[in-house]
Number of protein chains: 2
Amino acid sequence: MSFTSHMHRALAEARAAADRAEVPVGAVVVDPAGRIVAAAGNRTRMNSDPTAHAEILALRAACAAAGSERLPGHDLYVTLEPCPMCAAAISFARIRRLYYGAADPKSGGVARGPRIFEHPQAHHVPEVYGGIAEAEAEALLTDFFRARRGADASGGDI
Amino acid sequence: MSFTSHMHRALAEARAAADRAEVPVGAVVVDPAGRIVAAAGNRTRMNSDPTAHAEILALRAACAAAGSERLPGHDLYVTLEPCPMCAAAISFARIRRLYYGAADPKSGGVARGPRIFEHPQAHHVPEVYGGIAEAEAEALLTDFFRARRGADASGGDI
């Protein structure tokens, strides 16, 4: 599996989230051998869980499978810039490289706002690569919110 | 139940965490009528879950019980200043008031470092009261890490 195919799997998780009426964000965790060990889409509404972002669900599943709260050498692919909650979880899990798709001016916590990885309180900082398959990730979100604005005026967090 | 007794319950959760060899942090969520609807201590090691901080576990339990990803009018008591992951989750859950005990210069994300509530990316900001039962919360942590330094040189995230 290549770099691009990992992000395509994350995009597939994002589309599946949209089909569940969840904000379309998807994530995968890849082990040091390049195998996908966890994949998830956002489930905050379905699970009644404000922490059920794609990244958190994928990290929790990968940690459970590994039997460890840390995933050294693992990479995380996510279709949207992580929020500060997810960025901090990525640091706690010792993720090696973070690849993300679209920028998130409204709620992002990596390249803007709290900039989680730029403070001494982040005890592990992954390598960060943004803008991967950005146009596709952004189109998914734009289409989702455009459709929802017609049906439902309430906003989402992500 | 009063303000002080809620923090005492959180301290009891922190002591129970220490008895499990987890970093001693405890949290409770209190509903608008003043009832404790969830209480938890840190379980990151036991659950192999880097997100299993006391606040996250208490928020997830309270949301599951309420059948909602938001807890308007609810307050959260925690023995230690939340890290950025937990602070962002507190914002997502729409917690009304955050009461915390000890300051956390090493890993805190409320009064230092990423200062989660001070950016426009935080779409809900609770009222924040620090230093509640601070000496007791701090003593629990100091005793735990002093004892562990003898037995185990590895540091914790919290």
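A salt bridge is a side-chain nitrogen of Lys or Arg within 4 Å of a carboxyl oxygen of Asp or Glu. In the predicted model described here, Arg60(A) and Asp49(B) meet this criterion, with their closest N and O atoms 2.9 Å apart. Across the interface of chain B and chain A, two salt bridges are found by the rule. The contact between the chains involves 37 residues of chain B and 37 residues of chain A. The size of an interface is often given as the accessible area lost when the parts come together. For chain B and chain A, the area buried between them is about 3000 Å², and 59% of this area lies on carbon and sulfur atoms.

In chain B, five strands form an open sheet in the order β2-β1-β3-β4-β5. The pairing within this sheet is mixed. Its edges are formed by β2 (36-41) and β5 (127-129) of chain B, each of which pairs on one side only. From one strand to the next, the twist averages 15 degrees. Strands of a sheet pair through backbone hydrogen bonds, either parallel or antiparallel. The antiparallel sense is found between strand β1 (residues 26-30) and strand β3 (residues 75-80) of chain B, which are joined over four bridges. Within this pair, Val29(B) has Leu76(B) of β3(B) as its bridge partner.

A parallel pairing is found in chain A, where strand β3 (residues 75-80) and β4(A) are linked over five bridges. In this pairing, Asp75(A) stands opposite Arg97(A) of β4(A). Strand β4 of chain A spans residues 97-102. Five of its six residues are buried, so the strand is largely enclosed by the rest of the structure.

Glu55(A) is listed by UniProt under "active site", in an unreviewed entry. The residue is located in helix α2 of chain A, which covers residues 54-66. When residues up to four places away in sequence are not counted, Glu55(A) touches Val25(A), Ala27(A), Leu76(A), Val78(A), Leu80(A), Pro82(A), Cys83(A) and Cys86(A). Among these contacts, Leu76(A), Val78(A) and Leu80(A) fall within the range of strand β3 of chain A, residues 75-80.

Methods
Residues numbered from 1 in each chain as written. Chains lettered and ligands numbered in written order. Predicted model: local features only at pLDDT ≥ 70, side-chain atom pairs only at ≥ 80, totals over all residues. Heavy atoms only, no water. Pairing = 2+ DSSP bridges. Helix = DSSP H or I, 4+ residues; strand = E, 2+ residues; numbered from the N terminus. Axes fitted to C-alpha atoms, helices over the stretch in contact; angles between N-to-C directions. UniProt positions renumbered as here; feature names shortened; annotations may be inferred. Contact = heavy atoms within 4.5 Å. Buried area = accessible area lost by both parts, 1.4 Å probe. Buried < 20%, exposed > 50% of the residue type's maximum accessible area, 1.4 Å probe, protein only.
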